[in-house]
Amino acid sequence: MTLSPAEIDALLLSLKIAAVAVAGALPFAIACASLLTFGRFPGRFLIDAIVHLPLILPPVVMGYLLLISFGTRAPIGAWLLHSFDIRLVFSWTGAALASAIVSFPFQVRAIRIALENIDPGLHQAAETLGAGPIDRFINLTLPLALPGIIAGAITAFSASLGEFGAIITFVSNIPGQTRTLPLAIYTAIQTPGGELAAARLAMLSIGLALCGLIISEMMMRGIRRKLTGQVRP
Amino acid sequence: MNLEIDIRHQAGMLALDACFTIERPGITALFGPSGSGKTTLINAIAGLIRPDDGTITINGTAVFDRKNSIHLPPRQRRVGYVFQDARLFPHLTVRKNLYFAHRRSPNPLPNGEIDAIIAMLGIGGLLSRRPIKLSGGEKQRVSLGRALLGKPDILLLDEPLSALDQARKDEILPYLEALRDQRRLPILYVSHAIDEVARLADNMVVMENGTVRASGSVFDILARTDLAPLTGQFDTGAVIPATVTGHDTAGGITFLDCAGHQLIVPLLGPATPIAPAPATATRLRQTRLHIRARDVMIATTIPDGISANNIVPVTIRNLQPLDHAGMDVALHLGHLATDTANTQKHAPVIHARITGYSASRLNLQPGQQVYAVIKSVTVDGKLRDTDA
């Protein structure tokens, strides 16, 4: 099956938005997970709740909240537009922001579980061997949490590919700009005689998901073999 | 080289109150039952916990002093720590684990020294493996090497053998002996196994319920009957110093001198399988004997026609009843006059475990001059027993 230019547009746009969303959110997710795992401070519970908010809120509500804060007349949106000439509404960067926020909890949760599973005894050993806090974070914490970081990134990437509500509410449905695969499927279904187009796009989505699954499984196996010498956990 | 400890710390139910000094290189055993505060104490020395009060000084540097608000982080203490569970970094190869501290050291060990340590520990063939592919004994040897490559001023070993089975213990012990003999490094060795302590340690600190019950040379501590319930001395018997006086290679025996009494043991080889040859002779000249109480019999006259090679005149110091109708008899080597307390103080003590029935049948009394028939002697280094 050959893809039409519009289909290729939707596919590439989806991949671009998901990749930028995951990569952009990753450092914040690592910082946030570390803070929640190792930090002992009042208000930790509040940060935990805010991070998980996108999981429990309807995506449309997330899109609405983004619109009223990042719209061109909203406080943050206006400031970004006037100071940096950045306009998020109706652009793919806005879609990436929406995807990043909606998939953020997936990343944080996976990284946090990985961090909690690191034996604190290894940190003590590294301390006695001369490693300071930053050294330990880079050379011990991050490599040991790598399986969790990758798992989180893959889950977040999949969630980003499938995001619909927040994107359509915040940045609308503009071909070549914000029309990702789910939005293209939705548009095809809404169009009379678009059933075939919808089916082709749906097939594309399923194929993409399967590819993602296989790649992630291969990566996880490779890392696990390195760390534990076993193929299965 | 010295370590001065004077700390108090409350950790849960344990009230640690420890004060002692180690002035010489060699192995000092930190001995005591589980929960007596041994690990808490070395964690405080390493800087992994902050004591409530007191001071810790390593080589004249105060690493902890509450009054002056000094609490150096572990990485500034020049302490090598070998944990009970090895704690190798699973994502790094053996080589990278070994070099972890070395690469971070402001004053790194020269390459020749590193090669010597790797050779001493016999881990040269493991360098490209990952920790998951190592046996328990190999892990502990790598862990030991990793600590040594950091060029520590003092080495802390927290029950490095307790997670291993007997075969693995026997695999590691010679390396620890080589470490003790080849590197001039004070070692604090946490253990609750008296046989390890008797074999390895030069000095020992006995801990009970967070406090130091006694400290001193292993010979002195193990000779003290008041500490026997703690040291398990009745099972262990005695550890006494001895000198190698000669060998009869053809006859396959070695002659030892112990406070003027000759003892015969099977021919002694090198002290440890990896010790360099030239050091062997001098090293073996001074050794220590481990005589288990259950291997010593008492005779009122010199027995005739007996296969045991070692029959030593002894004087009964005291008799102490044990459970199960057993009796521990403490014996001074040599026939001593009862009133010469001073002579007695310096005569080595061995122990015999006999039945209460034997004691009453032979009518054994303190001060009585009898003979000890020693069935088996363990000599430091390679474990060698004389046959009956």
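UniProt positions are given here in the numbering of this model, with feature names shortened, and such annotations may be inferred rather than shown by experiment. This is a predicted model, in which local features need pLDDT of at least 70, side-chain atom pairs count only at pLDDT 80 or more, and totals for chains, interfaces and linings use all residues. Residues are numbered from 1 along each chain as its sequence is written, while chains are lettered from A and ligands numbered from 1 in the order in which they are written.

**Exercise 1. Find which residues of chain A the annotation "domain: ABC transmembrane type-1" covers.**

Step 1: The unreviewed UniProt entry places this annotation on residues 11–214 of chain A.

Step 2: Now look at the span itself. Residues 11–214 of chain A are 80% helix and 0% strand, and their end C-alpha atoms lie 19 Å apart. Helices (H or I, at least four residues) and strands (E, at least two) are DSSP runs, numbered from the N terminus.

Step 3: The unreviewed entry also lists "transmembrane region" for several spans of chain A, including 88–106 and 197–216. Residues 197–216 of chain A are 100% helix, with end C-alpha atoms 29 Å apart. For residues 88–106 of chain A, the helix share is 79% and the end-to-end distance is 23 Å.

**Exercise 2. Work out which elements of chain A touch chain B.**

Step 1: Start with the totals: 17 residues of chain A and 22 residues of chain B take part in the contact. Two residues are in contact if their C-beta atoms, placed from the backbone, lie within 7 Å.

Step 2: On the side of chain A, helices H6 (120–128), H7 (133–162) and H10 (195–228) each give two or more residues. H6(A) gives the most, with six residues.

**Exercise 3. Decide whether helix H1 of chain B is enclosed or open.**

Step 1: A residue is buried if 20 or more other C-beta atoms lie within 10 Å of its own, exposed if 12 or fewer, and partly exposed in between, with C-beta atoms placed from the backbone.

Step 2: Nine of the nine residues of H1(B), residues 38–46, are buried, so this helix is largely enclosed by the rest of the structure. Among them are B:Lys38, B:Leu41 and B:Asn43.

Step 3: Follow the chain onward: just after H1(B), B:Gly47 takes a positive phi of about 90°.

**Exercise 4. Locate the largest nonpolar core.**

Step 1: A nonpolar core is a set of buried Ala, Val, Leu, Ile, Met, Phe, Trp, Tyr and Cys residues joined through C-beta atoms within 7 Å.

Step 2: The largest one has 161 residues, and those with the most contacts inside it include A:Ala98 and B:Tyr189. Helix H5 (residues 92–116) of chain A supplies the largest share, 15 residues.
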